[in-house]
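User: Please examine the fold shown here and answer a series of questions about it.

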Amino acid sequence: MTSLIPAAKLSALSPGQGTAVEVAGYRLALFRQGDRVYALDEACPHAEGPLSQGEVEGATVYCPWHGWAFDLASGRCRQGAHVRSYPTEVRGDDVYVALTS
């Protein structure tokens, strides 16, 4: 079952930067691009680096510890290890994340 859970306010997310949040026990990194928000697992699978602190270039976030590159939409990594991505929905100023239980 999938449920939408409030995660953040759109106005609190800075475009082109990550924000760490905890939603229903999940540690997530949120990334705003315009009015769209992407959600990935917060920890890089390589060494648990905080992806929310990574540099964002276009549709890619780079882990701040070792530079692994993750696609914001899919969580796929050029180095072969991936993080989970989560669907998001923006309603007004509210950002929701879809979590599967």
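User: In what order do the three strands of the open sheet lie?

Analyst: In this predicted model, strands are DSSP runs of E with at least two residues, helices are runs of H or I with at least four, and both are numbered from the N terminus. Two strands pair if DSSP finds at least two bridges between them. By these criteria three strands form an open sheet with antiparallel pairing, in the order β5-β6-β7.

User: Which strands are the edges of this sheet, and by what average angle are neighbouring strands turned?

Analyst: Each edge strand pairs on one side only, and these are β5 (55-57) and β7 (69-71). Axes are lines fitted to C-alpha atoms, for helices over the stretch in contact, and angles run from 0 to 180 degrees between N-to-C directions. With direction ignored, neighbouring strands of this sheet are turned against each other on average by 30°.

User: Is T60 buried or exposed, and which residues does it touch?

Analyst: T60 lies in strand β6. Buried means under 20% relative accessible area, exposed over 50%, and partly exposed in between (1.4 Å probe, protein chains only); at 12%, T60 therefore counts as buried. A contact requires heavy atoms within 4.5 Å. Leaving aside residues up to four places away in sequence, T60 touches E55, A69, F70, L72 and R78.

User: What conventions apply to the numbering and to the values?

Analyst: Residues are numbered from 1 along each chain as its sequence is written, and side-chain values use heavy atoms, with hydrogens and water left out. As the model is predicted, local features need pLDDT of at least 70 and side-chain atom pairs count only at pLDDT 80 or more, whereas totals for chains, interfaces and linings use all residues.

User: Where is confidence lowest and where is it highest in the protein chain?

Analyst: The predictor's confidence in each residue is given by pLDDT, from 0 to 100. The chain has a mean of 94, and 98% of its residues reach 70 or more. Confidence is lowest in strand β1 (residues 2-9), at a mean of 92, and highest in strand β4 (residues 36-41), at 98.

User: Which residue in the hairpin of β9 and β10 takes a positive phi?

Analyst: Strand β9 (residues 88-91) and strand β10 (residues 94-100) pair in the antiparallel sense over four bridges. Within this pairing T88 stands opposite V97, and the bridge partner of V90 is V95. The hairpin has two residues between the strands, and the positive phi, near 65°, belongs to G92.

User: How many residues of β10 are buried, and which residue of that strand is the bridge partner of L4?

Analyst: β10 also pairs with β1, in the antiparallel sense over seven bridges. β10 is largely enclosed by the rest of the structure, because five of its seven residues are buried. The bridge partner of L4 in β10 is A98.

User: Is Q53 buried or exposed, and what separates its C-alpha atom from that of E42?

Analyst: Q53 has its place in the loop between β4 and β5. Its relative accessibility is 58%, so Q53 counts as exposed. Q53 and E42 are eleven residues apart along the chain, and their C-alpha atoms are separated by 9.3 Å.

User: What radius of gyration does the protein chain have?

Analyst: The chain comprises zero helices and ten strands, and its C-alpha trace spans about 35 × 30 × 20 Å along the principal axes. The radius of gyration is taken over C-alpha atoms, and the globule rule is 2.2 Å times the number of residues to the power 0.38. For 101 residues a compact globule would have a value near 13 Å, which agrees with that of the protein chain, 12 Å.
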